[in-house]
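Hi,

Here is the structure I promised to pass on. Have a look at it first, and then read on for what turned up.

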Amino acid sequence: MSDCIFCKIIAGEIPSKKVYEDDRVIAIHDINPAAPVHILVMPKEHIASMEDVLDEHLPLLGHIHGVIRNVARELKLDKGYRIVNNCGEQGGQEVPHIHFHLLGGRSLTWPPG
Ligand code: 5GP
Ligand code: ZN
């Protein structure tokens with residue numbers, strides 16, 4: 001999608017700090033980290049949000065979660081971590097290209113605000 005900031009990152013038109021990439025998925029450092037480790041994992045296909053996920057996308061979502069697990073291991077988040085997906089306005093989603101936050105490196109509070 002031409003006006004999507006994450007599609008521009010995926011296309012290499014906007015720089016990012018990549019930690020993982022394959023044919024379907026990219027993982028980058030968040031530009032404004034909320035924890036010592038804050039990675040965004042997203043599909044290369046533009047899917048706006050969890051609400052736009054089709055059944056045919058479910059294997060892709062499973063793959064994304066495997067990537068999150070692998071990145072967490074590589075970044076040595078052995079004390080634990082959190083995976084977050086913000087969906088839509090009340091979910092706090094700011095960038096309408098589905099992505100999963102991997103947060104770790106400190107004790108995380110619950111519940112979120
Ligand atoms: P959301 O609120 O949509 O779940 O999260 C969007 C996230 O994207 C935020 O944590 C924000 O800091 C991050 N972000 C926004 N613009 C950029 C960018 O240009 N590069 C990177 N690496 N992260 C971004
Ligand atoms: Zn996009």
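Lysine 44 and glutamate 21 form a salt bridge, with the closest N and O atoms 2.8 Å apart. Bear in mind that this is a predicted model, and that goes for everything below. What I like about this pair is that it links distant parts of the chain: lysine 44 is in the loop between β3 and α2 (58-74), glutamate 21 is in strand β1, and 23 residues separate them. If you click on the two residues, you'll find both at the intermediate level of exposure: lysine 44 is partly exposed at 25% relative accessibility, and glutamate 21 is partly exposed too, at 37%.

Lysine 18 has a relative accessibility of 45%. So is that buried, exposed or partly exposed? Buried would need a value under 20% and exposed one over 50%, so lysine 18 counts as partly exposed. Through shared partners, the salt bridges join Lys18, Glu21 and Lys44 into one network. The structure holds 2 salt bridges.

Now for the sheet. It is open, has 5 strands in the order β1-β2-β3-β5-β4, and pairs antiparallel. Which strands sit at its edges? Those are β1 (18-21) and β4 (81-84), each of which pairs on one side only. On average, neighbouring strands are turned by 15° against each other, ignoring direction. As a quick reminder, strands of a sheet pair through backbone hydrogen bonds, in either a parallel or an antiparallel way.

- β1 and β2 run antiparallel and are joined by 3 bridges. A hairpin of 3 residues connects β1 to β2.

Next, the ligand. How many residues surround ligand 1? There are 17, and the closest are Asp30, Asn86, Glu94, Val95 and His101.

- Histidine 29 places a backbone N or O atom 2.9 Å from a nitrogen atom of ligand 1.
- Asparagine 86 uses its side chain, with a polar atom 2.9 Å from an oxygen atom of ligand 1.
- Glycine 92 has a backbone N or O atom 3.0 Å from an oxygen atom of ligand 1.

On its own, ligand 1 has 530 Å² of accessible area, and the protein covers 86% of that.

Tryptophan 110 and proline 111 are joined by a cis peptide bond, with omega at about 0°. You'll find proline 111 in the segment after β5 (100-104). The other one is lysine 76, which has a positive phi of about 60° although it is not a glycine. Lysine 76 lies in the loop between α2 and β4. Is lysine 76 buried or exposed? Its relative accessible area is 65%, and since anything over 50% counts as exposed, lysine 76 is exposed.

Alanine 72 belongs to helix α2 and has a relative accessible area of 2%, which makes it buried. Between alanine 72 and leucine 102 there are 30 residues in sequence, yet their C-alpha atoms are 7.7 Å apart in space. Histidine 57 is in the loop between β3 and α2, and at 7% relative accessibility it counts as buried. Histidine 57 and glutamate 45 are 12 residues apart in sequence, with 9.8 Å from C-alpha to C-alpha.

If you open one view to begin with, I'd go for the network of Lys18, Glu21 and Lys44, and then move on to ligand 1 with histidine 29, asparagine 86 and glycine 92.

Cheers

Definitions and conventions. Residues are numbered from 1 along each chain as its sequence is written. Chains are lettered from A and ligands numbered from 1 in the order in which they are written. This is a predicted model: local features need pLDDT of at least 70, side-chain atom pairs count only at pLDDT 80 or more; totals for chains, interfaces and linings use all residues. Side-chain values use heavy atoms; hydrogens and water are left out. Two strands pair if DSSP finds at least two bridges between them. Helices (H or I, at least four residues) and strands (E, at least two) are DSSP runs, numbered from the N terminus. Axes are lines fitted to C-alpha atoms, for helices over the stretch in contact, and angles run from 0 to 180 degrees between N-to-C directions. A salt bridge is a side-chain nitrogen of Lys or Arg within 4 Å of a carboxyl oxygen of Asp or Glu. Buried means under 20% relative accessible area, exposed over 50%, partly exposed in between (1.4 Å probe, protein chains only). A residue is near a molecule or strand if one of its heavy atoms lies within 4 Å of it. A polar contact is a pair of N or O atoms within 3.5 Å; within protein, one must be able to donate a hydrogen and the other to accept it, and residues adjacent in sequence count only if both atoms are side-chain atoms. Accessible areas come from the Shrake-Rupley method with a 1.4 Å probe; for residues, only the protein chains shown count as cover.
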